[in-house]
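Subject: Structure handover

Hi,

Here is the structure I promised to pass on to you. Have a look at it first, and then read on for my notes.

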Amino acid sequence: MHGRKRVKPSAEVEKLRKEKEVTKIKEYRNLVESYFQKKDKKEFDNDALALTTKILSQNPDFYSIWNFRRLILLNGLLKECSEEDKQQTLSTELVFLQELFQLNPKSYWIFNHRRWCLETMQNPDWDKELQLVGKFLELDARNFHAWDYRRYVTSKLSCTTETSLTQIEFDFTTTKINQNFSNYSAWHQRSKLLPLLIKEKNLDEQEKKKLIDKEFELVKAAFYTDPDDQSAWLYHWWLVAQGSIISTSQMNEESKESSNSLNQNLSINTSERIELLQREINVVRELLELEPDSKYCLQTLANLLSELKSNVKEDSKKIDDEIVTICDRLIKIDKFRTKRYEDLRSKFISNQQG
Amino acid sequence: MPQQLEVTEYDVIILGTGFVESILAGALARIGKSVLHMDTNEYYGGSWTSFNFQELLDWAQLLQGCPYYLVTICHVEESSGNSQENFEGKKALPINFSKARRQAYSTIEYEIYGILKQTNSTEENEEYLHKDEQDTSEETIRHVSTSLSNFERETLAKLLKESKQYNLDIAPKIMPCRGELIELLISSGVGRYLEFKALDKTYIYSDQDTFDKVPCSKEDVFTSQTVTLIDKRKLMRFLTFALDFTNSPETFEGYEEKPYEKFLKEKFQIDGKLLSAVLYAITLIQTKANDVNTIQGLTYTQRYLKSLGRYGNAAFLVALYGAGSEISQGFCRISAVFGGIYMLNHSIKHLLIDKSSNNFTGLIDVNGQQLSSTYLITSIDYIPEKLLQENEECEQISRAIVIIDRYIHEEGDASLTIFPPDSVGNEYPIRVLQFSEGTRSCPEDKYVLYMSTKASGKSAKEDLYKALEKLVNISNDDASLSSPLFALFYRHKFRDATLSSLLPDNIIVTNDSDSSLDFETATIQAKQLFEKMCPNEEFLPAVPDPDDDDL
Amino acid sequence: MDTSEKQNRLLVDLHVKYIQSLDTKKDDLEYWLTEHLRLSGVYWGLTALDLLNSIDALKKEDVVKYVVSCQHDNGGFGGHIGHDPHLTYTLYAVQILVIEDALDAVNVDKIVEYVASCQDRDTGAFTGDEWGEIDTRFSYCALSCLSLLKRLDAINVPKAVEFIMLCKNFDGGFGVSPGAESHAGQIFCCVGALAIVNSLHLVDADLLGWWLCERQLKNGGLNGRPEKLEDVCYSWWVLSALSILGRLHWINKEKLIEFVLVAQDSEGGGIADRPGDMADVFHTLFGIAGLSLLGYPDLKPVDPVYCLPKHVVQRIGLAERYHV
C-alpha cells in the first residue's frame with residue numbers, strides 16, 4: 001500500500017462505502033470463483049479469456065490469472081491456427097497490455113506477460129517496443145521496470161538485426177543525462193555501455209583515452225554544476241577505476257571482475273595511473289576551493305588520495321594527514337554519517353602509527 | 001448619415017485601444033461600469049499594435065510626413081484652428097491626434113534590399129509585377145520604387161505580395177512565464193483567446209564576433225560548452241541563491257543600494273563574460289550596469305529564474321499574431337462581453353472641461369455629438385496640448401523591424417539576442433528578438449528581427465546599425481549570414497503624462513510602451529490605475545468559460 | 001495523550017491488535033483484491049508478532065493448517081489456497097513453518113525438489129516459477145529456503161553465486177538481473193544470499209556501505225535508490241544489508257527510529273510507508289524489524305539475513321554462519 005494517504009472517514013461515510021462495496025465484492029468473488037471452475041475443468045476458450053481480461057483489468061497483480069491466461073492462449077486460441085492468426089491474437093494481447101500499462105506502469109506481471117507474448121510471436125516488432133519504452137521513460141525517467149525492459153528489447157533487436165545498438169543506447173543515456181543529470185538510472189546504464197562500446201569499437205589506445213577523457217569532461221560538468229548530486233560522483237569514482245583498466249591493452253579476467261571497485265591496486269601502467277589520479281585530484285581541489293563544505297567533494301578527494309597513496313611510495317605520511325583532516329571536516333559537516341568517517345579516519349591514523 | 005450613440009452618458013469613456021486602456025476597459029466593464037471605448041485608428045492596439053507589411057510601410061511613410069497618397073491607415077482629422085472655444089459654458093479643448101502621434105516618433109528611415117542571389121530571375125519578376133496590376137499595393141510600389149533599383153523593387157514586390165502574412169509589432173514585447181501579465185491572462189480567462197510559443201533560447205554577443213548561448217537552467221549550465229567548469233559552479237551558486245535571495249539576506253547585507261555589478265563580482269566572483277551574461281541576458285537590465293542596484297538586480301534576476309520551468313525550459317512566452325494588438329483585443333472582448341460599447345475609426349474633436357471645477361465633463365466627437373462620463377481614461381495621444389507640459393527629459397527608445405530570409409544562430413520559433421553595452425559601440429544594451437513563422441509574425445521562409453535599445457546617438461539607425469551588421473549580411477559580403485530584405489528604423493518617445501500637473505483629476509492617462517522587453521510595467525500600471533479608481537473592487541476576476549478549456 | 005506523544009514510542013498493543021484484525025476485513029474489497037498476498041501476509045504478521053513478543057496472538061494450529069493448504073503437488077506454495085505455486089511464496093511458507101517449528105507438517109523433500117527445479121543449470125539464476133521470470137529476488141528465495149531446510153546441496157551453489165555477481169554494479173550494489181540498476185531491495189536479496197553461502201568477500205563492502213548509508217534522507221527515513229522518496233520498508237532492506245556488512249552504525253539511528261515511529265497509525269495500529277499514509281502489514285513488519293535491528297527496547301532481535309527472529313535461526317542452528 002505505497003503512498004496511499006490515511007484518511008479517517010466518518011462512520012456514516014464508512015457505512016455507505018461498505019454498502020456499496022458489498023455488490024462489488026460479490027461480483028469480484030463470482031469472477032474469481034468462475035476462474036477456479038474453468039481452471040479445474042481446463043476450459044481454455046474465449047469465455048475463459050474474457051474472464052481473465054475482466055479480473056486482470058481490476059487486479060493486474062493476481063499472478064495466477066496471468067498464468068491461466070497463457071494456458072488459455074497456448075491450449076486454445078494459439079493452438080492449431082495459422083501463423084497469421086497467431087500473430088493477430090498476440091497483437092491484440094499487446095494492445096490489452098498497453099491499456100493496463102496506463103493504469104499501472106510499474107507492474108512486474110504486465111511486463112512479464114508482454115515479454116512472453118513477443119517471444120511467442122513469429123514476427124515481434126521490437127522497434128515498436130523500443131518506441132513504447134522510450135515513451136515510458138519520457139513519463140518517468142527513473143522507472144526501473146522500463147529501463148530493464150529497454151535493455152531486454154535492445155538485446156532482442158541486436159540479435160535479430162545483428163547490428164550493435166551500443167552506440168545508439170549510449171547516446172540515449174547522453175540525451176537523458178542532458179535532460180536531467182540527476183538521472184541515476186541513466187548514469188548506471190552508461191557504466192554498463194561504456195566498456196562495451198570500447199570493446200566493440202576496437203579502439204586503439206589513443207582513441208580510448210579520448211573517449212574516457214570525454215566521459216571525465218561530462219561527469220565533471222555535472223558535479224561542478226551541482227556538487228550535491230551523488231550520481232555524478234559515483235560515476236566519477238567508477239571512471240577513475242576504469243581509467244586504469246581501459247588504458248591497458250591486456251585486460252585480464254581478474255581485473256575485469258573487480259572493475260567496479262575503486263580501491264584496487266593495479267601494478268600496470270603506474271605512471272599513467274598516477275598522472276590520472278593527480279589530474280583528478282587537482283580538479284576536485286579546485287572545486288573544493290569554491291565549495292569547502294561539499295561532502296561528496298571531500299570524500300572523493302579522500303578516495304583519490306588514498307588511491308594515490310597506494311601507487312606512490314613517497315609522501316605517504318602527508319597523504320595520511322590530509323585524509324585525516326578531510327575526515328575531521330566530514331564529521332563536522334555530515335552529522336548523519338559521522339561513524340562512517342570515524343571508521344575511515346581510524347584507518348589512516350593507525351597507518352600513521354604503524 | 002453619421003453614427004449617433006443612443007446613450008450619451010457613461011461611467012467611463014476610454015480613448016485609445018492600447019494595451020493599458022484595453023485592460024482597464026475589460027476590468028471596469030467586468031465590475032459593472034458602463035464603458036464607452038473609442039479609437040481614432042481603425043485598428044486595435046494604438047501604439048502597441050501590429051501591422052501587416054503594407055500597413056507598416058504606410059505607417060512609416062505617414063510618420064515621415066510625406067502623404068504622397070491618400071492615407072488609408074489613419075484618418076487624419078485635424079481639428080479646426082480654434083484653439084479654445086466655449087461650449088455650453090465649458091472649455092472645449094481641441095484634440096490633435098495625428099500631430100501627437102507624429103511627435104511620438106522620430107528618425108524614421110526604412111531600407112529595402114535587393115535580392116542579389118536571384119539576379120537572373122529579374123525578368124520573371126518584372127512580369128509578375130505587371131500581373132499584379134490590380135493589386136492595391138501597386139500604388140505603393142510605384143511610389144516607393146522611383147528611387148529603387150530593379151533588385152530592390154523585386155524585393156518590395158515580394159514583400160507586398162505576402163503582406164498579409166506579416167503581423168509586425170511596432171512595440172514588440174514578450175511575457176515572463178511567471179510575470180504579472182501571464183498571471184492576469186490566466187486568472188481573468190483572457191488567455192483562452194490567445195495562442196503562445198515559448199522563447200527558450202537567449203544568446204549574448206561577445207568579443208571575436210561570437211554569440212554564446214546563455215545558460216539559465218541547471219540543465220543549460222550543465223550542457224553549455226562555452227562555460228568553464230569553474231564558471232558553471234559560480235553561476236549555479238549564484239542562481240540557486242538568487243532564486244530564493246530573500247531567505248538569505250546576510251549574503252547581500254550592505255550591498256542593497258550598491259551597484260549590482262559590484263555585488264556579483266565581490267560576493268560571487270562573477271566576472272568577464274559570465275558577468276555580462278548575468279547582467280544583460282538573465283537580469284535583462286536595460287541601462288548601464290551601474291544604474292542598477294543590488295536589490296533591483298536581484299528582484300529582476302529572481303523574476304527571470306522563477307519564470308523558468310513553467311512552460312518547458314522557457315523563461316518567456318510570445319503571443320502569436322502580434323502580441324500587442326492580440327492581447328489588447330482579448331481584454332476589449334471581455335469589456336464587450338460585459339456591455340462595453342466599441343467605436344473604432346472614430347475621431348474626437350474636443351474635450352470639455354468645467355470652468356469652475358476644472359474637471360473633465362465629456363467630449364465632442366467627429367459627428368458633433370456630446371458624450372459625457374465621470375471619468376476619462378485616455379492614451380496620451382488624445383490629450384489636448386494645453387493640458388500637457390512638454391517634458392524634454394523623456395526616455396526615447398530606438399527600434400528596428402528587420403525582415404530577413406534565414407534564421408540567425410539556430411532554427412526555432414523565437415529567440416533573444418543581447419548586445420551588452422560597448423560591445424558594438426553601443427551605450428546601452430541592444431536586444432534583438434527573432435520571431436519565425438511559428439509565431440505568425442511572418443511567412444514560412446522569413447524571419448523578423450525586432451531590435452531595441454535606449455536612444456543614445458543621433459538616430460535609431462545609428463544606435464542599431466552596428467549590431468545589425470553582426471547579425472545579417474547587410475554591408476559586407478559574408479554569405480554565411482542571412483540576408484536582409486527590409487529594415488525600418490524609428491525612435492519612439494516614452495511619454496509619461498502622469499507627470500503633468502495641468503490635468504483634471506478625473507482624467508486618467510496611460511503611458512506609452514517603455515523600453516522594457518515585456519508588458520510588466522504596463523500591466524502593473526493598469527492594475528494600479530484600476531485600484532485607484534475602484535479601491536474595493538476585484539481586478540479582473542475570472543470569467544466563467546462556456547467551453548471550459550484552459551490557457 | 002496526543003498523537004505526537006503517542007508516536008514517540010512503539011505502540012506494541014495497537015500493532016498486535018492490528019495484525020490480529022487483518023483477517024476480519026472481509027467487507028473490504030481490498031481484502032479480496034489482495035488474496036494473492038495472503039500467505040505473505042501471514043509471514044509478515046507472524047514475524048512481526050514474534051518480534052513484539054506476541055506470537056500467540058495468532059493460533060499456531062490455524063497458521064500451520066493454512067500454510068499446508070497452500071502447498072501444491074509439485075512441492076511449491078501459492079500465495080493463497082488454490083493460487084499457483086511460486087518461489088517467493090514457497091520461501092514465505094518455509095519461514096512461517098520454521099517460526100512455528102512445524103516443518104514436519106509438510107513434505108520437505110518435495111519443497112527441495114521444487115526449489116531446485118527453479119534453477120537454470122546454465123546461468124545459475126532462479127526463475128520465480130515455470131513461466132521463467134528471472135530476478136535476483138528468486139536467487140535469495142531459493143538460497144534462504146534451502147538453507148533453512150539445510151538442503152543447499154540440492155542446487156549448484158557456485159553457479160548461483162556466479163549469477164548474483166553478474167548483477168553487481170558500478171556502485172557496489174545489485175539489480176534484478178545483469179545490467180539492471182542497483183536497488184536497496186535487490187541489494188538485501190543479493191547480500192543476504194551471498195551471506196548464506198559464505199561469499200560476502202565478493203561484496204565491495206566499503207563502496208556498497210557508502211551507497212547504502214547515503215540512502216538516509218534529512219527526515220531520517222531511507223530511500224531505495226538515489227533521488228527517490230523515503231519509505232519505511234527500506235529501513236529493512238537498507239538496514240539489513242548494512243548490518244550484514246557490519247556497517248549498521250554508518251547511519252543515524254535516532255533519526256531513523258523517529259521516522260519509523262511517526263509512520264505508525266496511532267489510532268488503528270500498523271505502520272505505513274511514510275507518515276500520514278495508510279498502514280499495511282508489509283510495512284508493519286519491516287518497520288518493526290528495522291527497529292529491532294536498531295536495538296529498539298523490548299523487541300526480540302531479528303536476524304538480518306533471514307528476516308526471522310534471531311532465536312528461531314539459533315534454534316535451527318544457523319545463527320552466525322556468516323561473517324564479513
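A residue is called buried here if its relative accessible area is under 20%, and exposed if that figure is over 50%, with partly exposed in between. Please keep in mind that this is a predicted model.

With that cut-off in hand, take strand E5 of chain B, residues 90-94: four of its five residues are buried, which leaves the strand mostly covered. Its partner is strand E14 (residues 348-354) of chain B, and the two run antiparallel, joined over five bridges. Within that pairing, Ala92(B) sits opposite Leu352(B).

Chain B as a whole has 16 helices and 22 strands. Of its 551 residues, 57% count as buried. Looking at contacts in chain B with a separation of 6 or more, 74% are between residues 24 or more positions apart.

Beyond its neighbours within four places in sequence, Lys173(B) is in contact with several residues, among them Trp48(B), Ala323(B), Arg399(B), Leu517(B) and Phe519(B).

Now to the charged pairs. Side chains of opposite charge can pair when their charged atoms come close. Over all chains, the count comes to 69 salt bridges.

- Asp209(B) and Lys470(B) meet in a salt bridge at 3.1 Å, N to O. Asp209(B) is in the loop between strand E10 (202-206) and strand E11 (210-213), while Lys470(B) is in helix H15 (residues 460-471), so the pair links parts of chain B that are 261 residues apart. Asp209(B) is partly exposed at 48% relative accessibility, and Lys470(B) is partly exposed too, at 29%.

- Lys454(B) and Glu395(B) form a salt bridge whose closest N and O atoms are 2.8 Å apart. Because Lys454(B) lies in strand E20 (residues 447-454) and Glu395(B) in the loop between strand E16 (370-379) and strand E17 (396-404), the pair ties together parts of chain B that are 59 residues apart in sequence. Lys454(B) counts as buried at 17% relative accessibility, whereas Glu395(B), at 21%, is partly exposed.

- Asp101(C) and Arg315(C) meet in a salt bridge at 3.5 Å, N to O. Here the link spans 214 residues of chain C, from the loop between helix H6 (87-99) and helix H7 (108-117), which holds Asp101(C), to helix H15 (residues 310-315), which holds Arg315(C). Asp101(C) counts as exposed at 51% relative accessibility, and Arg315(C) as partly exposed at 38%.

While you are in chain C, look at helix H11 (residues 205-213) as well, which is mostly covered, with eight of its nine residues buried. The buried residues of H11(C) include Trp210(C), Trp211(C) and Cys213(C).

That leaves the interface of chain A and chain C. How much area do the two chains bury between them? The figure is about 6,000 Å², with 53% of it on carbon and sulfur atoms. In residues, 65 of chain A are in contact with 70 of chain C. There are eight salt bridges between chain A and chain C, and one pair that meets this way is Glu214(C) and Arg337(A), with their closest N and O atoms 3.7 Å apart. The interface also has 34 residue pairs in polar contact, counting those with both residues at pLDDT 80 or more.

On the chain A side, the elements that give two or more residues include helix H1 (11-40), helix H7 (144-161) and helix H16 (338-353). The largest share, eleven residues, comes from H1(A). By type, the residues of chain A that touch chain C divide into 23 nonpolar, 16 polar and 26 charged. Finally, Glu14(A), Arg17(A), Lys18(A) and Glu21(A) are linked with Asp27(C) and Asp28(C) in a network of salt bridges.

Enjoy exploring it!

Best wishes

Technical notes
Residues are numbered from 1 along each chain as its sequence is written. Chains are lettered from A and ligands numbered from 1 in the order in which they are written. Side-chain values use heavy atoms; hydrogens and water are left out. Contact means heavy atoms within 4.5 Å. Buried area is the accessible area (1.4 Å probe) that two parts lose on being put together, summed over both. A salt bridge is a side-chain nitrogen of Lys or Arg within 4 Å of a carboxyl oxygen of Asp or Glu. A polar contact is a pair of N or O atoms within 3.5 Å; within protein, one must be able to donate a hydrogen and the other to accept it, and residues adjacent in sequence count only if both atoms are side-chain atoms. Ala, Val, Leu, Ile, Met, Phe, Trp, Tyr, Cys and Pro count as nonpolar, Asp, Glu, Lys and Arg as charged, and the others, Gly among them, as polar. Buried means under 20% relative accessible area, exposed over 50%, partly exposed in between (1.4 Å probe, protein chains only). Two strands pair if DSSP finds at least two bridges between them.
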